[in-house]
Amino acid sequence: MIARPKLVEPRNIFRQVDAGQAEAEVVSIASVPVLPAAKARPMPTRQANADLRSREYLTPAEIEKLIKAAKDGRWGLRDACLVIVAYRHGLRAKEACELEWSQVEFGRNASLHVRRAKKGKPAVHPIRGDELRTLTALRKEYPDSGYVFTTERGAPFTPDAINRLVKIIGKRAGIPFPVHFHMLRHSCGYKLANDGIDTRAIQDWLGHVSITHTTRYTALSQTRFKDFWRD
């Protein structure tokens, strides 16, 4: 037997809203007080470098203070070696973090095979006596490490961590302005320019793609004016 569908009466009731009632509802909604929006906190702004320090490089005397302060720390040998190598070869923070022992060539013609970041030109730099002795001692202390500079846990540094380390050493050294890692690279260019090294040679040493970045050190060199007002 086939069941026949039954008719069901609709339960929805469509009521017409009176215009006056609708207007009253709108007025009641409009009368609800609106709370003022919370003021957004201003984002902290970083001070410009010129406001933090008078220059972006260290003098050779200040570098010596930095090395001495590094030696007095808990990891004195590692920290002093870091400052010396980064300063002598103008390393960036990333380049120092990624420096491996395979890039250090010991022996009579000791040299450092520098790999540059930011598409910089690689180069082979000589390693001088005091730097070589420090690197040799550090290698003996960490014979199983693949990286030259490692943390307490034996892992390579990050650029932020290595920058914080140099800031701490700078405070301990009594440098009268905040020190950051990249100042070691600038200090290298400043020292070479003051020694009268050719600008093109400094460019190759620092791995600059454009010589424009190198001429800043020539502009700071005191030797440019050594014959001014000379009788």
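## Helix 8 against helix 9

In this predicted model, helix 8 (residues 182–194) and helix 9 (residues 199–206) pack at an angle of about 155 degrees, with their axes 10 Å apart. The axes are lines fitted to C-alpha atoms over the stretch in contact, and angles run from 0 to 180 degrees between N-to-C directions; helices (H or I, at least four residues) and strands (E, at least two) are DSSP runs, numbered from the N terminus. Helix 8 and helix 9 are therefore roughly antiparallel, a label given to angles over 145 degrees.

On the side of helix 8, the contact (heavy atoms within 4.5 Å) is made by Arg185, Cys188, Gly189, Leu192 and Ala193, and on the side of helix 9 by Ile202, Trp205 and Leu206. These residues divide into six nonpolar, one polar and one charged, where Ala, Val, Leu, Ile, Met, Phe, Trp, Tyr, Cys and Pro count as nonpolar, Asp, Glu, Lys and Arg as charged, and the others, Gly among them, as polar.

## Helix 4 against helix 7

Helix 4 and helix 7 pack at an angle of about 100 degrees, and their axes are 12 Å apart. That makes the two helices roughly perpendicular, the term for angles of 65 to 115 degrees. Arg78, Asp79 and Leu82 of helix 4 meet Ile162, Leu165 and Ile169 of helix 7, a contact with four nonpolar, no polar and two charged residues.

## The nonpolar cores

A nonpolar core is a set of buried Ala, Val, Leu, Ile, Met, Phe, Trp, Tyr and Cys residues joined through side-chain atoms within 4.5 Å, with buried meaning under 20% relative accessible area (1.4 Å probe, protein chains only). The largest core has 43 residues, and those with the most contacts inside it are Leu58, Phe149 and Phe181. Among the elements that each supply at least two of its residues are helix 3 (60–71), helix 4 (76–89) and helix 7 (159–173), and the largest share, eight residues, comes from helix 4.

Phe149 touches, among others, Arg78, Cys81, Leu82 and Val85. A second, separate core of six residues includes Leu192, Ala193, Ile202 and Tyr217.

Ser111 lies in strand 2 (residues 111–114) and is buried, with a relative accessible area of 8%. Not counting residues up to four places away in sequence, Ser111 touches Gln103, Val104, Glu105, Val124, His125, Pro126 and Ile127.

Residues are numbered from 1 along each chain as its sequence is written, and side-chain values use heavy atoms, with hydrogens and water left out. Local features need pLDDT of at least 70 and side-chain atom pairs count only at pLDDT 80 or more, whereas totals for chains, interfaces and linings use all residues.

How values were computed. Angles under 35 degrees count as roughly parallel, over 145 as roughly antiparallel, 65 to 115 as roughly perpendicular and the rest as oblique. Buried means under 20% relative accessible area, exposed over 50%, partly exposed in between (1.4 Å probe, protein chains only).
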